[in-house]
Amino acid sequence: MTAFDQQELTSCLSDVLLTKDNHDLLDEDLITYLVGMICDGDTVTLEEVAQSTIDEDSGIYEAIGPFLESSGCGQQLILKACQAVQDLAKQSSGSLSSSAAKNSTASRLEARKLRQGIVSMSSDLDRKTQEEEEANRFLWGADSGVVAFINEQRDAHDSTISAKERRKQRQELEKARREYQTKVEAMEREEAKEGGNAVVSAMVLPDYSTGRNEKDIHCRNVGISLDNGRILLENANLKFAHQRRYGLVGKNGIGKTTLLKAIASMEIEGFPRHHRVLHVRQEVKSAGTEKSVLDSVVESDAERNALLVKEKEILSRLEGAAGDKKDLSDDVFGANGQGASCSIMTKREQLNQRLATDDDAAFNQDIKELDKVYARLNQLSSDSAESRAAQILSGLQFTPEMQAGPTSALSGGWRMRVSLAASLFIEPDLLLLDEPTNHLDLEAVLWLESYLCEYKHTVVVVSHDRSFLNEVCTDIIEFKDKSLTYYKGNYDVYVRTADEAIKNQMRVYQAYQDKRAHMMEFIEKFRANAKRASIVQSRIKAVEKMDLEAPDKVEIEPVWRFSIPNPEPLGRPIIAIDDVSFDYKPAQRDVSDYILQKVNFGIDLDSRIGILGANGAGKSTLLNLVSDKLQPLSGNVSRNGRLRIGIFTQHSADKFDLHISAVENMLNLFPNAADQEMRSFLGKFQIQGDEAIKPMIMLSGGQKSRVAFAALSYQRPHVIIMDEPTNHLDMESIDALVEAVKDFKGGLMVVSHDQYFITNTCRDLWVVGGGKATRFRGNFDDYKKETLTRTAKRVAQSVKSLSSINNN
């Protein structure tokens with residue numbers, strides 16, 4: 001292994017980083033620190049840098065990137081510095097190779113001189129003719145692949161898996177890959193169909209000429225199946241009562257999202273067509289446009305847009321037909337012919353006045369059509385469109401500046417909020433929400449709860465957030481065994497009712513078993529007794545009748561739990577944060593505007609800390625400072641030298657290579673572990689047998705989460721840091737994680753919007769915002785009340801600001 005020359009590396013980095021533009025960000029001390037870190041050989045070697053591709057994933061970028069980012073350097077400058085280091089590495093490795101080649105040539109010449117004049121018998125003995133070499137290749141089977149065949153046979157003999165099983169595994173793997181690719185392609189086709197810049201999922205426009213305008217929905221014998229023939233729903237009843245709010249629950253992969261898509265696209269036979277139905281998906285891959293966020297939400301209502309276009313067309317015809325009736329243009333529809341200054345109700349009144357005085361049939365027919373348009377626009381509250389959109393956006397934590405900015409400037413999570421805001425703005429008759437809280441912070445979740453509780457139409461929600469379902473839902477629909485079962489009440493009521501129903505079924509089944517056993521005992525005892533033959537035959541017939549009417553055996557699914565090994569004790573302090581300040585752009589901001597300012601914080605092995613605050617307040621930044629992913633600009637972060645930190649995020653299950661097995665992934669993460677040890681450890685998480693050795697692409701979402709739990713547990717951490725850990729987990733996995741964290745005898749620091757998870761795992765609440773991190777004096781319910789009050793004030797202020805702008 002070859003190391004960098006420190007002097008050359010210092011000169012190289014200084015030329016790139018110590019320029020006039022960067023003199024406020026960097027100094028010679030930082031350059032010296034970076035040079036020492038690179039040259040010690042532990043982070044990256046000269047050969048690795050010379051052969052790597054320079055990007056954000058390269059070794060040199062990971063070595064120096066975080067330090068330069070914390071100093072305020074942009075990505076382009078960091079990449080430029082990495083490229084300069086690589087150029088130096090290539091130059092150094094090239095000169096070393098040239099020097100080595102010269103030394104090798106000199107050695108060969110010296111050896112040749114020594115051998116001159118000496119008779120070398122070995123060279124004569126080793127020399128073979130071409131015919132002899134070909135004969136040897138034929139003799140040993142090298143020319144016909146015999147050697148390779150023998151090696152394959154030897155490997156097959158050593159393997160414990162039969163050739164038939166290997167072929168079966170390859171076929172299953174190929175099938176799983178095809179299914180995975182089919183899903184990806186289907187998602188891409190759906191995105192292309194709806195448009196890359198779609199703010200919200202496409203809505204099928206309602207047909208008001210069908211049905212009797214009934215508000216309840218009831219479809220019988222509903223069946224749904226996938227393209228591969230798998231049946232998800234069979235002979236089920238689908239029913240939604242007006243103004244009820246339903247929670248759709250079931251295991252991951254059972255078909256909840258597929259059912260919502262089928263409802264939204266009107267694919268279910270017998271579904272009424274006069275309802276406005278809208279499905280808000282978990283992910284919307286919108287590229288964004290230069291249109292403002294507020295305008296994007298206002299223009300998202302397809303029916304309102306169609307009505308406005310129709311209004312414009314009718315007004316154009318009326319203007320053309322009016323001719324000498326110029327008073328219609330000026331007095332009824334406004335000077336610009338579109339009545340921009342009139343409210344919808346005023347327009348309808350003026351239209352009715354015109355109908356009473358005009359006898360032109362075609363003209364009057366257009367006026368009647370226009371009145372229908374205005375009547376529907378009035379039902380859609382078209383006049384208050386902007387204020388309603390601003391109110392919804394403010395509730396979802398959009399500042400006035402963000403509302404006025406383009407959607408292309410937003411991240412994926414904020415674009416999902418735009419999609420959710422557009423759906424709430426449209427106010428469909430049936431609103432289908434698929435994991436709506438995944439991209440929201442706690443403040444937005446609390447506002448959404450209060451908004452949906454006042455929603456005037458029907459709502460169906462798929463969510464893993466138990467507290468959200470408890471607050472919002474009036475009914476629960478259980479999707480299980482290809483059928484839908486309806487329960488009155490919220491999620492907690494559903495759990496109690498379902499448990500009681502299972503207990504009742506068990507009691508009925510046990511009573512049947514006891515009665516049958518008693519009768520069979522009598523039959524067996526007196527079967528050979530001639531005097532009681534008639535009674536025995538009567539009992540046999542009774543048992544046969546009982547068996548025909550026997551209740552189903554109750555299958556109770558085992559509750560899965562796992563544990564995190566408790567760490568050995570450590571002396572204090574475990575983690576101490578003293579007067580820490582940090583910002584991603586320190587050169588462009590005053591110290592008083594930093595995202596974190598003079599934060600004081602501490603974590604011990606008995607800490608249970610929940611971090612609360614709005615998105616962008618600095619919660620994840622604080623976690624990164626604690627976990628040493630970021631370095632403070634000022635202050636100090638102290639950690640115990642023997643401290644092990646375990647990190648679990650919403651993307652923990654996505655970090656695995658899906659084309660290799662769970663065992664191989666774990667061995668890649670922990671290379672010092674033995675294969676059999678890792679298999680046994682994964683078995684504790686019910687990843688055993690074929691599941692442990694098959695590629696992870698073939699595992700379900702819940703199984704992948706269990707592998708992520710195993711990776712966390714194997715670290716034996718002293719402190720666990722969690723950033724939105726419940727996203728993409730099902731209820732069972734969340735319950736298992738909650739129980740494991742409760743039993744864990746180490747420190748915990750959590751950022752989560754899941755109220756159930758926070759209240760069941762955290763004792764102390766800290767609020768991050770305004771550059772500060774302060775302990776909240778109160779419980780979680782107190783924080784909810786304070787947050788809702790603060791959000792209501794902000795929403796009112798946003799609507800007021802918009803009104804003043806429109807009036808001016």
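Which residues in α24 meet which residues in α25? The views below take that up, along with another helix pair and a pocket.

This is a predicted model, where local features need pLDDT of at least 70, side-chain atom pairs count only at pLDDT 80 or more, and totals for chains, interfaces and linings use all residues. Residues are numbered from 1 along each chain as its sequence is written, and side-chain values use heavy atoms, with hydrogens and water left out.

**View 1. Helix α24 (residues 662–669) packs with helix α25 (residues 675–683).** Helices here are DSSP runs (H or I, at least four residues), numbered from the N terminus, and strands are E runs of at least two. On the α24 side, Ala662, Val663, Met666 and Leu667 meet Asp675, Met678, Arg679, Phe681 and Leu682 in α25; contact means heavy atoms within 4.5 Å. Sorted by class, that's seven nonpolar, no polar and two charged residues (Ala, Val, Leu, Ile, Met, Phe, Trp, Tyr, Cys and Pro count as nonpolar, Asp, Glu, Lys and Arg as charged, and the others, Gly among them, as polar).

**View 2. Helix α16 (residues 385–395) packs with helix α18 (residues 412–426) at about 135 degrees, their axes 9 Å apart.** Axes are lines fitted to C-alpha atoms, for helices over the stretch in contact, and angles run from 0 to 180 degrees between N-to-C directions. From α16 come Ala385, Arg388, Ala389, Ile392 and Leu393, and from α18 come Ala421, Leu424 and Phe425. The tally for this contact is seven nonpolar, no polar and one charged residues.

**View 3. Helix α21 gives the most to the lining of the second largest pocket, with nine residues.** By class, the lining has 18 nonpolar, eleven polar and 17 charged residues. A pocket is an open set of points on a 1 Å grid over the protein atoms alone, where a 1.4 Å probe fits, with protein on both sides within 12 Å along at least five of seven lines; lining residues have an atom within 4 Å of a point.
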